Amino acid sequence: MPGLVAFGRRWTLGSDDLVFPVAFELLLRVLWWIGILVLYLTNRDQFDCKGGGFLPSYLIVLLVLLAAIILALLVIACVSMQGTITNPGPRRYIPILIYIRTTLYLPELVWAVMGAVWVNDKSEGCASSIVNTITIAVIASWVFLFFTIVAVLVFFDPLGRCTRLNFVTSRVHNLESSDSIQAKSVAARVWEYRLKLLCCCIMKDADNRSAFTNIGELLSAFFVDTDLVPGDIAAGLTLLHQEQDKSEQSQDLEEVACTIPQPQSVAEELDIELENSAHYAQYAVAVYGWPLYIFSHPCTGPCKLSRNCMCCRSQFPEQDIVGGDQLGCNFNSMLQTTGLQYRDFIHVSFHNKIYEIPFFVALDHKKEAVVVAVRGTLSLEDALTDLSAERETLPVDGVTGECLAHKGILQAACYIHKKLIKEGILNQAFEVVPEYKLVITGHSLGAGAASILAILLRTSFPELRCYAFSPPGGLLSKCLADYSRGFIISVVLGKDLIPRLSLANVEDLKRRILKIVAQSNRPKYQILLRGCWYEVFGGDPDNFPSELDDGQQKQLTQPLLAEQNLMGHRSASYTSIADESPSDSPFHGPQLFLPGKIIYIVKEPSAGSFCFSQAKYHASWSDASSFSNILISPRMITDHMPDLLFDVLKDLTQEAPFILCPTSYIAENGAH
């Protein structure tokens, strides 16, 4: 940060992002130079074949050209190491060095063409070692040129020239100017085009086009007020991870997990809900179908499914399977996971579009419940539903306040609600078992849809329960989240990213990344190298200043801009770290929260040797405020996996000591 400006446009990399790619190319070029030099010195008396008179001159010029390229790369790497992420001053000559390096591509291209011509037309009679070496040199030249073109395409910023609209000469900070509004519109269209290109295999209809437009506006709004490049985000996440680990090490795990000592009645309720959660989690896992089943059982899963896939489809003719499962593998994996019989399934839908997600309705005779299980994210359509994260009104009778919900998940829940009610699927189930209760469950996206579906069905089924496993954090406004505490149980494991993922938390993460990279006094390459070492080999977290000194704080009140703009003036279109997002940004508005009462499961410190220690967990009641920050950790993804959460819940219900907070801790602190 800021983005590199060269050739009259901004690129999606910083001037300090060149260290690693240039160093890698430098290594290859040096090896190539040494190989050509060895060839010339050992074979200079053997160039007496046809066309051999051309070889000495060709090799000498190639050595000189490679030496010039190596020198240019060495200088670029050294200069790119200078300064810090927010202090590009020592790297101000990088654009000039890039221009010099670019000019060397022309003679390299010419020499590669001449080498190819010589190999094809004039190499007859020459030693095979010489011909092979020249051939390798020619191929290497073309490979370097090819990857240079690929790099240009990767780091090309379609909005690079649109900075002309943002970079105004006035020093007045005005994000509402006509130029700025036009730039935002262009940025939204670019993001929309990128999404359409990424999802080119998805059928285009009105809902899809609307989703692409809304997501494009959301993504453009996130990046509109900063000049971040991917390398800055990686460095910031690395620093945040180590800072969070350092803070975590200074706290006692039991104190973190059991901040509120629980009386016996609350502990008993927790025990009951954990047992129910462990039971209904199997449905949230089963609805994913064969992909998750194979992932969870890589050795035995394929054999179990292949034996029965074909027969499952033929043995389920009376039921309604929607959306295609020609081989029956999805349905067979559901039978394997839940242990139900064919006749226990009332409706199974694998239909999948944006805002329309798979689900099934089944009869649970053990718990005497009609279970509606909603699938989580497993396709590009599901991901687009997740990304449609704007707030949409969800009016609920008897709830006062601003009733808002995640737009994409709300529409998915409304789709399932329409299928269940208007097509009579629930009526069909309760005609068979009128005395059963209604339970709705799901994981991730499915948990969010299940929670909103429970709110929509609450008036018709007052006794319903919902078990939401790892639901999205930005789901319900405060009044709806409080209303849902009476019938929704959310279960969150460890450092899972999704329950902490909301527009407000993402905006907060961006601000924290900006602040921590601004206060870091190390070059980016050092941050990334130490971060990689820390992630792979562990060790003590790096040391960070606890607060900014006066000089750093003064720098943070200045805009974080490109090294220079096309007009040679500092841009006033980017906000400083101390500023808030524009008021019209989708990230600015009422905060959305997790649904219902929250069971938070935390991993205990490992005891014994690392290789043979068994992971142990304990659970406690928590509240939405515990998930107001995104935690950076390798476990932020693994803790979200539904099969892991299912296994942890089963272990908790089998091992009583891991369910509640230690009795000694409660006795020492008393019950509130």
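Guide: Apart from neighbours within four places in sequence, Asn-214 is in contact with Glu-390 and Lys-407, contact meaning heavy atoms within 4.5 Å. The model is predicted, so local features need pLDDT of at least 70 and side-chain atom pairs count only at pLDDT 80 or more, while totals for chains, interfaces and linings use all residues. Residues are numbered from 1 along each chain as its sequence is written, and side-chain values use heavy atoms, with hydrogens and water left out.

Asn-214 belongs to helix H8 (residues 206–223). Helices (H or I, at least four residues) and strands (E, at least two) are DSSP runs numbered from the N terminus. Asn-214 has 12% relative accessibility and therefore counts as buried; the term means under 20% relative accessible area, with exposed over 50% and partly exposed in between (1.4 Å probe, protein chains only). Leu-387 is 173 residues away from Asn-214 in sequence, yet their C-alpha atoms are 8.8 Å apart in space. Over the protein as a whole, 75% of the contacts between residues at least 6 apart in sequence join residues at least 24 apart.

Lys-407 is among the buried residues of H16, together with Gly-408, Ile-409, Leu-410, Ala-412, Ala-413, Tyr-415, Ile-416, Lys-419 and Leu-420. After H16 comes Gly-424, with a positive phi near 70 degrees.

Tyr-355 has a phi near 70 degrees and sits in the loop between strand E4 (345–349) and strand E5 (359–364). Its relative accessibility is 5%, so Tyr-355 counts as buried. For Ser-444, phi is about 60 degrees, and the residue lies in the loop between strand E9 (437–443) and helix H18 (445–457). Ser-444 is buried too, with a relative accessible area of 7%.

Elsewhere in the chain, helix H1 (residues 19–43) has 25 residues and reaches 36 Å from its first C-alpha to its last, close to the 36 Å expected. Among its buried residues are Glu-25, Arg-29, Trp-32 and Asn-43. The buried residues of H1 pack against H2, helix H3 (94–103), helix H4 (105–121), H5 and helix H21 (524–537). In H21, the buried residues are Lys-524, Tyr-525, Ile-527, Leu-528, Gly-531 and Tyr-534, and what covers them includes H1 and helix H9 (230–249). H21 has 14 residues that should span 20 Å, and its end C-alpha atoms are 20 Å apart, which agrees. Gly-538 follows H21 and has a positive phi near 75 degrees.

Two packed helices are described by the angle between their axes and the distance between the axes. Axes are lines fitted to C-alpha atoms, for helices over the stretch in contact, and angles run from 0 to 180 degrees between N-to-C directions.

H2 (residues 54–80) and H5 (residues 128–155) pack at about 40 degrees with their axes 13 Å apart. That angle makes H2 oblique to H5: under 35 degrees counts as roughly parallel, over 145 as roughly antiparallel, 65 to 115 as roughly perpendicular, and the rest as oblique. The contact is made by Leu-55, Tyr-58, Leu-59 and Leu-62 of H2 and Ile-130, Ile-134, Ala-137 and Val-138 of H5. By class this gives eight nonpolar, no polar and no charged residues. Ala, Val, Leu, Ile, Met, Phe, Trp, Tyr, Cys and Pro count as nonpolar, Asp, Glu, Lys and Arg as charged, and the others, Gly among them, as polar.

H2 and H4 pack at about 150 degrees, with axes 11 Å apart, and are therefore roughly antiparallel. Residues making this contact include Phe-54, Ser-57 and Ile-69 of H2 and Glu-108, Trp-111 and Trp-118 of H4. The residues of this contact divide into eleven nonpolar, two polar and one charged.

Conventions: The expected span of a helix is 1.5 Å times one less than its number of residues.
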